[in-house]
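Please open the model in your viewer and keep the sequence alongside.

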Amino acid sequence: MKHLTILVPDSQTGPNTISCIVGTYHVFTEANRYYDQLNREPIFNIELAGVSKQSNFVNGLLTVMTQKDIATIQKTDLIIVPAVISNFSAIEAGNSMLSAWILDHYTKGANVASMCTGAYLLASTGLLDNKNCSIHWKSAANFHKLFPKVNLKTEQIITDEQGIYTNGGGYSFLNLFLYLVEKFYDRQTAIYCSKIFQIDIARQTQSDFMIFNGQKSHGDEMVMRAQDYLENNFSEKISMEKLSEKFTVGRRNFDRRFIKATGNTPVEYLQRIKVESAKKELESSRKTVNEVMYAIGYTDIKAFREIFRRFTGLSPLEYKNKYNKAAIK
């Protein structure tokens, strides 16, 4: 039987941490139970492990007891890293021991999966350097600042690379579980778990959940003023050449500084502002797709659909039908 280690981070972790821990235990226990019903040997021996005997969560309202100290585990096959604090800045004492332990067991052959902001803990090992990684879209800017060598893929629900798995935010960790159940058990068991827990097994993107707010903590005053201009005039026709002249910066240098500060080219930034405005209109108004398109400054429906789908994974009409209750009446 393989060994599954669910890590219990030290106290002061995020509010979603306990959901990740309980959710992991619940889904993989059910997968084992299903195998047992089929008279097959369960795949995993599941254990909660950490550096302390217990960890407190949700301002001390809930406590999780660990079954093992990580130091006593000689070998494990799959390590699950739950979410940690979303305003992460550095690994603290107890969790630095978890980070070192993850690295050690990965080199010994273990697979590692992080959920949501658990990617911070995983990235601190260096294992995500030059690899793809998904995380909650709200933590992306801070994560990129701390771990610039990691290739962020915030539009993806799951990444899978060299035995390392990451997933997006919130409760999308449930989709990661189905993915891992299929990988370590089989497709039939994954389908069974999707029906028992009522998880959509087909989800592959978290793009339509993302809210674009722009990266504003970079400290580049010129870029900040350019962002404000784009955000206040996005429905007008904007020339990036003239915009760079407005701030007395050469176009090439303007683009370079903008990309460094925000992670987007000025054109991409403008497109994302337009799409975010369109999303809000499609969610709440009775405007047609064409009316929304014209309001944000597009006149070519094909171009609008392509850009909208690039950032949301859905067409404007699909998005409207999904989020606007009045649209389907």
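Select α4 (140-146), β9 (151-152), α9 (251-262), α10 (266-284) and α12 (301-312): each of these elements gives at least two residues to the lining of the largest pocket. Helices (H or I, at least four residues) and strands (E, at least two) are DSSP runs, numbered from the N terminus. The model is predicted: local features need pLDDT of at least 70 and side-chain atom pairs count only at pLDDT 80 or more, while totals for chains, interfaces and linings use all residues. Residues are numbered from 1 along each chain as its sequence is written, and side-chain values use heavy atoms, with hydrogens and water left out.

Then show Ala140, Ala141, Thr262, Gly263 and Asn264, which lie nearest the pocket's centre among its 37 lining residues. A pocket here is an open set of points on a 1 Å grid over the protein atoms alone, where a 1.4 Å probe fits, with protein on both sides within 12 Å along at least five of seven lines; lining residues have an atom within 4 Å of a point.

Now display the whole protein chain. Its secondary structure comprises 13 helices and 11 strands. Along the principal axes, the C-alpha atoms fill a box of roughly 65 × 45 × 35 Å.

Finally, colour the chain by burial. Which percentage of the 329 residues counts as buried? The share is 51%, where buried means under 20% relative accessible area with a 1.4 Å probe, protein chains only.

Notes: Buried < 20%, exposed > 50% of the residue type's maximum accessible area, 1.4 Å probe, protein only.
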